[in-house]
Amino acid sequence: MSNDSNDNSANSSNLANMVQERKVWLEAHGAMEGIQEGAYQIKAELVDQRHLENLQLTPNSKLIHFQRHAQGYHNLIFRILEENGLPITDIYNPDPAVNPFVKPEIRDSPLTELGRSQCLEQRIKVEKLGIKPELVIVSPMHRALLTALLTFSQPPRDHDTTHNDTHSDTHNENENDAGPSFVAHSGCREELGILTCNWRRPLSETQIEFPQVDFGSLLATEGDEDSLFNLTEQENPTHQSQRIYDFLVDYLRVQPQSEIAVVGHSAWLFTMCNAVIDCGDDEELTSWFGTSEIRSMILTWETTKRGDE
């Protein structure tokens, strides 16, 4: 069962087969069973990014820009093997002799040069479309962190002291446009098992590379080392879907900001759209995210009868 190792450069027929296989896999493992008993039903509506200024949000809805990280080295390895007729048939095989995705060298896989370029392309689109999240919640994996910063952070301001009074007034008016805050959260991490590309590095290392990101809650709840990852066992899909639901309800829903970006991973996003939130019959919403792709959605949290009890 493939996951975040795939990228949007993969053969389209192989991708279609993988998507169908994953849908069957989620259903067979009861990924929605616990979600149906939750206190909230989460409904999603795809938003035309060209008309964000006309949106009308209710008190129980938010505009969320979901982004998959750009190409990482694990994605590149998968692509090279597939293009050379050596596809990985069992990505969860624990033997590093036949499965490169469990090798220690690929731990917390970073972005490739192409991945960085993809982020900069998305940055141009974000600026052109007026996408302005007040908060960016990001997986603590290096590829997601750099994707978030390259896509959504604001460039440093020129603090030229020779500006005249008019320029100073303009600067004061815009001093709140410094860009969004960045917070790392494990609720939007990829699958927590076997694949070493999803095994995060110690936070003491990651903080040095990404000082713009707030890791405070992770340090308090998980500690420096990755206490969630299991090297020998794949995360149960029911557990993953419940983890996604808890993130959306217990964390994302209660944030005061109305426009937020969430930067994560492909299998996480696919599970969210196919097993956790109600996307109606929108096949675009439930399709596989390409590397660096951003989809803007209005999420609405509706209390269920169970939540009213």
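Let us begin with strand β6, residues 259-264: six of its six residues are buried, so the strand is largely enclosed by the rest of the structure. Buried here means under 20% relative accessible area, with exposed over 50% and partly exposed in between (1.4 Å probe, protein chains only). Strands (E, at least two residues) and helices (H or I, at least four) are DSSP runs, numbered from the N terminus.

A word on the model: it is predicted, so local features need pLDDT of at least 70 and side-chain atom pairs count only at pLDDT 80 or more, while totals for chains, interfaces and linings use all residues. Residues are numbered from 1 along each chain as its sequence is written, and side-chain values use heavy atoms, leaving out hydrogens and water.

Back at β6, both faces are covered. Glu259, Ala261 and Val263 are buried on one side, and Ile260, Val262 and Gly264 on the other. Strand β2 (residues 61-68) pairs with β6 in the parallel sense over six bridges; two strands pair if DSSP finds at least two bridges between them. Strand β3 (residues 135-138) is also parallel to β6, paired over four bridges.

Next comes helix α4, residues 142-152, where ten of the eleven residues are buried, so the helix is largely enclosed by the rest of the structure. Among the buried ones are His142, Arg143 and Phe152.

Finally, confidence: the chain averages a pLDDT (the predictor's confidence in each residue, from 0 to 100) of 87, and 82% of the residues score at least 70. Over residues 159-176 the pLDDT is below 50. Beyond near neighbours in sequence, that stretch has five contacts in the model, a contact being heavy atoms within 4.5 Å.
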